[in-house]
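Subject: Structure for you to look at, with notes

Dear colleague,

I am passing on the structure we spoke about, and I would be glad if you could look through it with the notes below at hand.

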Amino acid sequence: MVYTSEEWAGRLLVHLYKERYIQTIGNTTDPDKQRNGWVLKSGMWAPWFFDMRSMGDSPQLFFDGCCAMADMISGHDDVDVLIGIEMAGINLSGGMAVASKIRNYIDRRIGYTRPLPKKMRKQIEAMQLLQSIGSDVAGYGQKGFVEARLRDGDRVAIFDDMATNLGSKVIARQIVLWVAEQKGVAIECNKVFYLLNRGKGNRQAGLDFANEPEQGLHPAPLDVNYVIEFDDHLPGLEGMMHPEEFAVISDFQKDTARFQDKPEQKRVIELAAKTR
C-alpha cells in the first residue's frame, strides 16, 4: 500500500522527535548544543536541528523514512536517476532505492555528490569555484564530484534529508550539471526531493528559480517535493515537549530573525537549561 506524504508525516514526526533525530536545545544530549544551539549551513542560528546522518541506529525508523520517500517519488515517472547530497542524502538514497523496489516495484538509479574543495554557502561562489577547478577530486583512482553513471537524456533529481532553503540543493544541481557538461552528457535536473521541510516558501522559491538572472546557474523552474511540512505538523509534538520548549520552537518558526540576536539566544538557552 502506498501512503500519501501527509499520512507518512503523521506516522514519522513523533518518532523522529522521540528518537532525537529532531533535536532541540530542550531534548538534545549534546552538551555543546545545550550551551550554544545550532548554526545551520545558511549561517542562521537555530534552537532545533534535524539530523538523519546517524539514523542507521534506528533501523525501523530509517526504513520507514526511506519508504516514505519511495512512495512520494513513485508518483513521478519523469525521473531517471536521483543524486543524494553528501552526507545525509547518501544513505537515505540507498535505502529509498531498496524500498522503491520492494514497495513500488520500481528500479531506481541513484548516485551522490562529493564535497567541493571549499565549503560554499552561496550559489555564485560555488559556480565560480567549479569554473576554476578540474573534475578530478583526489588526483588518484577514479573519484568524481558526482558518483553516478549519467547518460544522455537523463532526467536527474536532487535528493536529500531536509531543507531550510534551497541553497544547498541549487549548489548540488550546479555540480551535477557541471559534471554532465564535463562528460559531454546532455541531461536535465529540475526536480528536488527531501524528507523534511523546515522553511515555508521553498516550493515557490523553486518555481521562481526560473527568474534567476545569473545564466551560469542554469535558471529553470524547480519542482520541489517533500514528505513533512514541519510547521504544519509541529502541533503534533506539543504533548511531548515541555511547554516552554514548544513555545520556543513555534516562535522560532514564525520569526527566525528575532532569534538571530545574541540576547535572545542567551535567553532561550538559559530557559532550556531550567526546563530540561
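A search of the whole structure, which is a predicted model, finds 15 salt bridges. I describe some of them here.

The side chains of K101 and D107 meet in one of these, with N and O 2.7 Å apart; K101 counts as partly exposed at 47% relative accessibility, whereas D107 is exposed, with a relative accessible area of 60%. In another, D154 pairs with R109, and the closest N and O atoms are 2.9 Å apart. Because D154 lies in the loop between β7 (146-147) and β8 (155-163) while R109 belongs to strand β6, this pair ties together parts that are 45 residues apart in sequence. D154 is buried, with a relative accessible area of 5%, and R109 is partly exposed at 24%.

A further salt bridge joins R258 to D251, where the closest N and O atoms are 3.9 Å apart, a distance that still falls within the 4 Å cut-off for a salt bridge. Both residues are partly exposed, R258 with a relative accessible area of 33% and D251 at 27% relative accessibility. This pair is also part of a network of salt bridges that links D251, R258, E264 and R267.

What, then, of R108, which is buried yet has no salt bridge? The nearest side chain of opposite charge is that of D77, 6.3 Å away, and a salt bridge would require a side-chain nitrogen within 4 Å of a carboxyl oxygen. The side chain of R108 does, however, reach the backbone oxygen of I73 at 3.1 Å. R108 is found in the loop between α4 (88-104) and β6 (109-113), and, leaving aside its neighbours within four places in sequence, it is in contact with I73, S74, H76, V79, L82, M96, A97 and S100.

Turning to the helices, the buried residues of α5 (residues 123-132) are A126, M127, L129 and L130. Seen down the axis of α5, these buried residues fall within an arc of 165°, and they therefore line one face of the helix. The face turned away from that buried side carries the exposed residues Q131 and S132, while the buried residues of α5 pack against α6 (167-183).

Helix α6 is also where I175 is found, and I175 is buried, with a relative accessible area of 4%. Apart from neighbours within four places in sequence, I175 is in contact with L116, L130, F145 and V146; of these, L130 is one of the buried residues of α5. I175 and Q23, by contrast, are 30 Å apart in space, C-alpha to C-alpha, and 152 residues apart in sequence.

Finally, a word on the cysteines: the structure holds zero disulfides. For C67, the closest cysteine sulfur is that of C66, and at 7.1 Å it is too far for a bond. C67 is buried, with a relative accessible area of 2%, and C189 is likewise buried, with a relative accessible area of 2%.

Note on methods
Residues are numbered from 1 along each chain as its sequence is written. This is a predicted model: local features need pLDDT of at least 70, side-chain atom pairs count only at pLDDT 80 or more; totals for chains, interfaces and linings use all residues. Side-chain values use heavy atoms; hydrogens and water are left out. Helices (H or I, at least four residues) and strands (E, at least two) are DSSP runs, numbered from the N terminus. Buried means under 20% relative accessible area, exposed over 50%, partly exposed in between (1.4 Å probe, protein chains only). Lys and Arg count as positive and Asp and Glu as negative; His and the chain ends are not counted. A polar contact is a pair of N or O atoms within 3.5 Å; within protein, one must be able to donate a hydrogen and the other to accept it, and residues adjacent in sequence count only if both atoms are side-chain atoms. Contact means heavy atoms within 4.5 Å. The arc is that of the directions from the helix axis to the C-beta atoms. A disulfide is a pair of cysteine sulfur atoms within 2.5 Å.
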